[in-house]
Amino acid sequence: MPHTNRKKKSSPTTVPGENKKKVVVHTKRKEVLDEEGWVHVVDTPRTRRSTVSKDAKSLHAGDFEVDGVQYINRTLDEMREEFGYWKKSWETDNSSADLKKALEGKEGSGVKKCVVLGLGSLQSARREGRRATFTQLAALETLLSIIGEKIPIIFQEPQFTDTDKQLLRELGYEVVEDPKAFGEIEENSLVYAIHCYADVYKKVSEQKRPAVFIGTDVENFGRFTLSETAGVTADALVEMVKQYEATDFPQIRHDFSDTKIYWRKNEKNEEEAKP
Ligand SMILES: C[S@@+](CC[C@H](N)C(=O)[O-])C[C@H]1O[C@@H](n2cnc3c(N)ncnc32)[C@H](O)[C@@H]1O
């Protein structure tokens, strides 16, 4: 088996739980650039047959697979440590300060419940996916700290592992099975659903209209494949957010690409403002 080590071309970061493998330098080495921008240094043993090196794709294979999704092994301790790492990285990024600015004046906004859909698994074998999920969780904590009050936070993600659920419950959150969270959406709820597919957004639009909806910018719905299920569109969500004010979610890498914060307009004030 070829031995591999991973290094980033620039500004290397050591994420807890990674780079644990011992590097043994005794064979010819070759660099393979994968689709996430990681350079894999691959040792190629000198026999002819084994010079057929592992390609970058197979390096994304996880430690185990459930329903076609690849995961890596993590203990709860490693997950806590990895969350600490990405939370610190989020908190020191300008976008964290920008999010606080975007939420100025929204303290005590009447949000009494938060429903989080499609966060992704913190054990995803895709490093980029894991980073986005941890960062989205850290950003959610920033949001909640601004809202102030201690409110129930409900997570639903069919790809969660038992360790994901353990970590979230330890952080004080509730985790429910699909489709229970949709029924939890009320008029005083904040729905946090970053980069979800059309069927999830469609179900959101079929509930009571939440006070805040954070998800994909509806103007970009046509730009990429939003649907996992043929024929499902999020047209009703496009209609729903017509009653909302939109603010850009501050960008950090691709972790919040095309994401908007939609605030439901206060119909009473709108009526009063009419001539
Ligand atoms: C494109 S991924 C986004 C993951 C992550 N938020 C990100 O930005 O990388 C969409 C996620 O929605 C989840 N999902 C699918 N159906 C769902 C449902 N009914 N309720 C909640 N999440 C769902 C999928 O398992 C998947 O992890």
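The model is predicted. The protein chain has eight helices and 12 strands. Of its 275 residues, 45% are buried. Among contacts between residues at least 6 apart in sequence, 65% join residues at least 24 apart.

**Nonpolar cores**

- In soluble globular proteins, nonpolar side chains tend to be buried together.
- Here the largest nonpolar core holds 40 residues. Those with the most contacts inside it are Leu140, Ile153, Phe155, Leu190, Tyr192, Ile214 and Phe249.
- Helices α1 (76-91), α3 (127-147) and α4 (162-170) each give two or more residues to this core. So do the strands β6 (113-117), β7 (153-156), β9 (189-192), β10 (212-216) and β12 (259-264).
- The largest share of this core comes from α3, with nine residues.
- Which residues does Ile214 contact, leaving aside its neighbours within four places in sequence? They are Leu143, Leu190, Val191, Tyr192, Ala193, Ile194, Phe249, Thr259, Lys260 and Ile261.

**Packing of α1 on α3**

- Two packed helices are described by the angle between their axes and the distance between the axes.
- The axes of α1 and α3 cross at roughly 70° and come within 9 Å.
- The two helices α1 and α3 are therefore roughly perpendicular to each other.
- The crossing of α1 past α3 is right-handed.
- From α1, the contact uses Met79, Glu82, Phe83, Trp86, Lys87 and Trp90. From α3, it uses Arg127, Arg130, Arg131, Phe134, Thr135, Leu137, Ala138, Ala139, Glu141 and Thr142.
- By type, the residues of this α1 and α3 contact are eight nonpolar, two polar and six charged.
- Gly84 sits in helix α1. Its relative accessible area is 37%, so Gly84 is partly exposed.
- Gly84 and Ala138 are 54 residues apart in sequence. Their C-alpha atoms are 8.9 Å apart in space.

**Packing of α2 on α3**

- Helix α2 (residues 94-102) packs with α3 at an angle of about 30°. The axes are 10 Å apart.
- Helices α2 and α3 are therefore roughly parallel to each other.
- The crossing of α2 past α3 is right-handed.
- Ser96, Leu99 and Lys100 make the contact from α2. Ala139, Thr142, Leu143 and Ile146 make it from α3.
- The residues of the α2 and α3 contact divide into four nonpolar, two polar and one charged.

**Ser96 in helix α2**

- Ser96 is placed in helix α2.
- Is Ser96 buried or exposed? Its relative accessibility is 1%, so Ser96 counts as buried.
- Leaving aside neighbours within four places in sequence, Ser96 is in contact with Trp90, Glu91 and Thr142.
- Ser96 and Pro250 are 154 residues apart along the chain. Their C-alpha atoms are separated by 7.6 Å.

**Helix α4 and its end**

- Thr163, Asp164, Lys165, Leu167 and Leu168 are buried in α4.
- The buried residues of α4 pack against α1, α3, β7 and β8 (174-175).

- Most residues other than glycine have a negative phi, and most peptide bonds are trans.
- Which peptide bond is cis? The bond joining Asp178 and Pro179 is cis, with omega about 10°.
- Pro179 lies in the loop between β8 and α5 (180-183).
- Asp67 is not a glycine, yet has a positive phi of about 50°. Asp67 is in the loop between β4 (64-66) and β5 (69-71). Its relative accessibility is 79%, so Asp67 counts as exposed.
- His195 also has a positive phi, near 55°, in a residue other than glycine. His195 lies in the loop between β9 and α6 (198-205). At 33% relative accessibility, His195 counts as partly exposed.

Definitions and conventions: Residues numbered from 1 in each chain as written. Predicted model: local features only at pLDDT ≥ 70, side-chain atom pairs only at ≥ 80, totals over all residues. Heavy atoms only, no water. Core = buried A, V, L, I, M, F, W, Y, C linked by side-chain atoms within 4.5 Å. Buried < 20%, exposed > 50% of the residue type's maximum accessible area, 1.4 Å probe, protein only. Helix = DSSP H or I, 4+ residues; strand = E, 2+ residues; numbered from the N terminus. Contact = heavy atoms within 4.5 Å. Axes fitted to C-alpha atoms, helices over the stretch in contact; angles between N-to-C directions. Parallel < 35°, antiparallel > 145°, perpendicular 65-115°, else oblique. Left-handed = near helix turned anticlockwise from the far one by under 90°. Nonpolar A, V, L, I, M, F, W, Y, C, P; charged D, E, K, R; others polar.
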